[in-house]
Amino acid sequence: MSRVYNFSAGPAVLPEEVLKEAAEEMLDYRGTGMSVMEMSHRSKAYETIIREAEADLRELMNIPDNYKVLFLQGGASQQFAMIPMNLMKNGVADYIVTGQWAKKAYQEACIYGKANKIASSEDQTFSYIPDCSDLPISEDADYVYICENNTIYGTKFKTLPNTKGKTLVADVSSCFLSEPVDVTQYGVIYGGVQKNIGPAGVVIVIIREDLITEDVLPGTPTMLRYKIHADNGSLYNTPPAYGIYICGKVFKWLKKQGGLEAMKAHNEKKAAILYDFLDQSGLFKGTVRKEDRSLMNVPFVTGDEELDAKFVKEAKAAGFENLKGHRTVGGMRASIYNAMPIEGVEKLVEFMKKFEAENR
């Protein structure tokens with residue numbers, strides 16, 4: 001069977017080259033006589049894998065020396081608690097709610113202190129990014145929190161909010177490594193890797209050193225303290241070793257593609273193919289305000305639920321997987337992460353044109 005075009009929001013498509021390489025090394029990793037899955041995380045071979053992965057990520061993102069890179073578990077959702085537990089020194093934080101994940105993060109923060117919802121786009125089903133140039137930032141806020149790319153709703157912050165000097169914390173799960181970023185604009189930039197970087201089970205946290213302290217909320221579990229992981233080089237306990245190994249391969253693949261500048265150009269070209277079609281289609285339409293569109297997640301609808309369901313079913317039969325939209329938006333969603341080849345998007349548009357002709 002040939003590979004399908006997988007438009008899943010996550011776990012998502014990985015570069016074929018990386019999968020083939022991992023397959024070749026499955027039984028014997030570089031002469032060790034064992035798989036990375038079987039290897040002690042304290043071994044020399046594994047230490048090389050995790051250190052190299054970190055070095056490559058630092059190079060790709062141009063991460064300054066005063067930021068730590070942590071490979072953790074618990075997914076992005078565990079960070080919803082870990083962030084307030086470690087950063088809420090004054091017990092106050094401001095949240096910009098632009099989707100389901102930011103909303104969940106906000107709700108979680110409410111458990112640990114005073115979380116203020118200072119802006120939201122819930123009034124229009126999160127189909128836009130609110131103006132964040134002059135928000136009522138709390139004077140004593142420990143940080144301002146955003147979800148930079150909203151996987152479900154297909155929106156993206158094109159301009160970071162004006163935090164008025166407060167630390168910015170960003171969940172970048174679904175736009176991680178899709179374009180260059182200035183890490184110095186953030187106190188914490190983190191994401192689950194299962195969308196754009198690797199298999200589910202790893203979350204990468206890039207955190208400025210001054211934010212890593214012993215001073216955490218009372219009752220914070222040892223495993224949820226950034227300092228523990230930073231002091232132990234992400235090896236305090238057994239890490240998600242195989243997942244990190246695959247992430248490392250993806251970093252090398254990205255470097256080979258020309259780094260994040262090249263990825264951004266590739267992703268813009270790819271997204272334009274789909275958005276240009278949606279903008280002129282008589283049947284399909286995008287659900288997001290144009291200026292806030294994500295390069296990674298593209299939701300669209302026909303306006304007729306039965307027709308949407310028919311489209312998803314016929315698309316699947318034609319080799320286009322996971323196009324059903326999230327239940328809160330309905331319709332369809334095409335996630336076109338770094339590893340989605342351009343011809344995948346071209347073929348999808350071809351299929352959509354054909355479907356439109358048959359169903360007008």
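**Exercise 1.** Find the aromatic cluster that holds Tyr5 and Phe7, and list its members.

*Solution.* The cluster is made up of Tyr5, Phe7, Phe277, Phe284, Phe300, Phe311, Phe320, Phe351 and Phe355. Keep in mind that you're looking at a predicted model. In total, the structure has 16 aromatic pairs.

Now zoom in on one pair, Phe284 with Phe311: their ring centres sit 5.2 Å apart and their planes make 70 degrees. Planes over 60 degrees apart count as edge-to-face, and that's the label for this pair. Phe284 belongs to the loop between α7 and β11, while Phe311 is in helix α8, so the pair links parts 27 residues apart in sequence. Both Phe284 and Phe311 are buried.

**Exercise 2.** Work out how α8 (residues 305-317) is oriented against α9 (residues 342-359).

*Solution.* Start with the axes: they come within 11 Å and cross at roughly 130 degrees. The two helices are therefore oblique to each other. The crossing of α8 past α9 is right-handed. Next, check who touches whom: Leu307, Lys310, Phe311, Glu314 and Ala315 of α8 meet Leu348, Phe351, Met352, Phe355 and Asn359 of α9. Sorted by class, this contact has 7 nonpolar, 1 polar and 2 charged residues.

Key:
Residues are numbered from 1 along each chain as its sequence is written. This is a predicted model: local features need pLDDT of at least 70, side-chain atom pairs count only at pLDDT 80 or more; totals for chains, interfaces and linings use all residues. Side-chain values use heavy atoms; hydrogens and water are left out. Axes are lines fitted to C-alpha atoms, for helices over the stretch in contact, and angles run from 0 to 180 degrees between N-to-C directions. Helices (H or I, at least four residues) and strands (E, at least two) are DSSP runs, numbered from the N terminus. Angles under 35 degrees count as roughly parallel, over 145 as roughly antiparallel, 65 to 115 as roughly perpendicular and the rest as oblique. A crossing is left-handed if the near helix is turned anticlockwise from the far one by less than a right angle, and right-handed if clockwise. Contact means heavy atoms within 4.5 Å. Ala, Val, Leu, Ile, Met, Phe, Trp, Tyr, Cys and Pro count as nonpolar, Asp, Glu, Lys and Arg as charged, and the others, Gly among them, as polar. Rings of Phe, Tyr and Trp (its six-membered ring) pair if their centres lie within 6.5 Å; planes under 30 degrees apart count as stacked, over 60 as edge-to-face and the rest as tilted. Buried means under 20% relative accessible area, exposed over 50%, partly exposed in between (1.4 Å probe, protein chains only).
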